[in-house]
Amino acid sequence: MAASQRRSEEETERQTPADEGNCQTLQSTRRLLVVIGALTLFTGLTLFCTLFVSRPAEPEALQTCDESRTKRQECEKQRQDLRLMLLSVTQDSRCSLCPDGWRWWRHHCYFFSSGLQENLRWNESAEFCLKHKSSLAVIKDSAEMDFIQGVMRNVSRVPFLWVGLSDSEQEGQWLWWDGADVQHYMPVTVEWDADHRDCADLRGGGGLSAADCEAFGPWVCKRET
Ligand SMILES: [Ca+2]
């Protein structure tokens, strides 16, 4: 036991200054590696946030974007005017802004179902319009009303059409498809309203009547060109 203790003391005494120096060097290296690692992590996070998280839009970039949008709108308008001019000159349907079976009027395309599709319930006709990137017509002024009435009278020859107007959300509160109140665009009223009549159809002469949404009828879709 005494001999073993003696050997341990001797080994401790044999540690040289060089050993102590190596130990200090190792500790310094570890500290340096920790510092380098932390700096690398910080730099990486800063770079990520700068590039991807919170990069405020620059005024110049916004201005350039607005100018590009304006030019695109001007270009689109010129394209439409050119196609209309070609259509009026050539009467070639390939120059039409609307799909086959649709009618162009004042920057919009209209689909009158009469003669082209079987009559549908109001909800079904609305779904048809949605499938064709349109909605049941929202009539916004007397000129548009006159256009639709003219088609009803001279082309489709139907007594009424489903349009995008209903009070199915709240009885008596008639809203156009876009959420506007019934009189938002024109001073019109819906006749014959009742609890079981929540969908509006357009009659000859421009009148709007409440009807049973489950009734079958022709309809008119509308979409922008
Ligand atoms: Ca009603």
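Helices (H or I, at least four residues) and strands (E, at least two) are DSSP runs, numbered from the N terminus. Residues are numbered from 1 along each chain as its sequence is written. The model is predicted: local features need pLDDT of at least 70, side-chain atom pairs count only at pLDDT 80 or more, and totals for chains, interfaces and linings use all residues.

The chain contains five helices and nine strands, which follow one another from the N terminus as α-α-α-β-β-α-β-α-β-β-β-β-β-β. Among contacts in the chain with a separation of 6 or more, 60% join residues 24 or more positions apart; a contact requires C-beta atoms, placed from the backbone, within 7 Å.

Four strands form an open sheet in the order β1-β2-β9-β3, with antiparallel pairing; strands pair if DSSP finds at least two bridges between them. Its edge strands, β1 (103–105) and β3 (135–136), each pair on one side only. Three bridges link β1 to β2 (residues 108–112) in the antiparallel sense, and W105 stands opposite H108 in β2.

Which residues of helix α4 (residues 122–131) are buried? They are W122, S125, A126 and C129, where buried means 20 or more other C-beta atoms within 10 Å of a residue's own, exposed 12 or fewer, and partly exposed in between, with C-beta atoms placed from the backbone. Seen down the axis of α4, these buried residues fall within an arc of 105° (taken from the directions from the helix axis to the C-beta atoms), so they line one face of the helix. They pack against β3, β4 (160–166), β7 (199–203) and β9 (220–224). On the other side of α4, L130 and K131 are exposed. Just after α4, K133 adopts a positive phi of about 55°.

Key: Two residues are in contact if their C-beta atoms, placed from the backbone, lie within 7 Å.
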